Amino acid sequence: MAKARTYYFCQECGYQSSSWLGRCPECGKWNTFVEEVVKSAVPAAKTATAVAKATPKRIQEVTYGEIKRIPTHCNEFDRVLGGGIVPGSLLLLGGEPGIGKSTLLLQTALAIHDRKLLYVSGEESEQQIKMRADRIGINTESCYVVSETVTQRIFEHIDAVQPDLLIVDSIQTVTTEDVESPAGSVSQIRQCTTEFQHYAKTTGVPVLLIGHITKDGTLAGPKVMEHIVDAVLQFEGDRNYGFRILRALKNRFGSTSEIGIFEMRGNGLSEVSNPSALLLSHRDEELSGTAVAATVEGARPMFVEVQSLVSTAVYGTPQRNANGFDTRRMNMLLAVLEKRCGFKLGAKDVFLNMAGGLRVSDPALDLAVACSILSSNVDIPISPRYCFAAEVGLSGEVRPVSRIENRVSEAARLGFEKIFISKYDSRNFEKNKYRIQIVEVSVIEEAFRNLFA
Ligand code: TYD
Ligand code: MG
């Protein structure tokens, strides 16, 4: 029988201490230590022996066979993973409750019909999973489901089924008998993740874990989990809109800049391969405060509509609210506009919204954001046939952005009349090639004069 010991764990970062502490020396958070009983560190010893067997080699001598990734039969998911699931990898999918994590992975499980799958759920009963599967409506004979929360029992099921892929929904609900603290505590999560990692690495069966997210948007449980897994995927979106974005925050087998876009429908998630068509409202009437940004996410151009509303503040402190855009960045742009274009925006409420509820992090949004704010402020519409792609610097200079030719060609393809870009970008490609008028600006005032003078 293993010896039980009591430790205190920081619930934020997983720091371990033998006595209670008020403030975590690792992450600096207050009052986060919780007492947990740990029996013994069995897997730690296991990994130690595994490491001991290895001998150092010259890097040229290290060989590996061709990695055969498992395709998920979903282009958007594959794109984020970097072309399928790598054998023996451990993946973590995080997201807010109700965003569609279980739906995404169950759908993937049903779609991979050429391999045996085991879907373990600690949250839902088998009937509930079946109801969801019926809703998604894919028929398959190779997907096994079980409702189970104890890892030792899960491994018994694995022995019986011998799956090619394992899905665990969610890591916060499973417990191991080696640790006595409740499900979802730091030591439980860490221990269970380590057990699944050990299973994945020794058998080559990939494991997909679902993880909950806390209110402030970080993955619940210790940061250590993020270090253990090979890839951390985040599923996000505004629940009031149908769009969902899958991002890789960490990926040992691919890039983290690619995103996958889905739409939640009545029969599960469907892939959105041409997001621009959905995100633009195709309006004919001209409305002030709207500007289209030509952004790029990963390697894919994506056109988003930026909407803003500038109005006189009712209260002493003006409200600044941005939906889908960094509020600090918006405040910076407002300060630049105030200084360079002479607007008294300091006494105005400013609301900013990305149509479709998407969060885009491309710096090329800046110019569209600035122009939409100006448009709302002077109440003059910008033609829906114009789009923008440039970063705005602190002194009001319009700066070049990456992949400009991609953006211009996509804008021309979508039928835009004009694209506003930085003067310093236009040197990098041949402008006459595209059937679109390219407006080059070097400072924000120039864009303003061009649009509203
Ligand atoms: P779910 O996958 O349970 O979210 P999570 O596991 O992240 O908590 O998704 C739940 C939401 O998705 C729920 O509000 C219902 C909705 N939904 C659909 O709109 N269509 C569908 O086909 C399915 C299965 C769910
Ligand atoms: Mg769920």
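## The second largest cavity

Phe77, Leu91, Leu92, Leu93, Leu105, Leu208, Leu209 and Leu233 line the second largest cavity of this predicted model, where a cavity is a set of points on a 1 Å grid over the protein atoms alone at which a 1.4 Å probe fits but cannot get out, and lining residues have an atom within 4 Å of a point. Its volume is about 40 Å³, counted as the space filled by probe spheres set on the points.

Strand E4 (90-95) and strand E8 (207-212) each supply at least two residues of this lining, and E4 gives the largest share, 3 residues; strands are DSSP runs of E with at least two residues, and helices runs of H or I with at least four. The lining divides into 8 nonpolar, no polar and no charged residues, with Ala, Val, Leu, Ile, Met, Phe, Trp, Tyr, Cys and Pro counted as nonpolar, Asp, Glu, Lys and Arg as charged, and the others, Gly among them, as polar.

## The largest cavity

Of the 2 cavities of 30 Å³ or more, the largest holds about 50 Å³ of space. Its lining includes Arg69, Ser89, Leu91 and Phe253, and divides into 6 nonpolar, 3 polar and 1 charged residues.

## Basis of the model

This is a predicted model, in which local features need pLDDT of at least 70 and side-chain atom pairs count only at pLDDT 80 or more, while totals for chains, interfaces and linings use all residues. Residues are numbered from 1 along each chain as its sequence is written, chains are lettered from A and ligands numbered from 1 in the order in which they are written, and side-chain values use heavy atoms, leaving out hydrogens and water.

Key
On a 1 Å grid over the protein atoms alone, a cavity is a set of points where a 1.4 Å probe fits but cannot get out, and a pocket is an open set with protein on both sides within 12 Å along at least five of seven lines; lining residues have an atom within 4 Å of a point.
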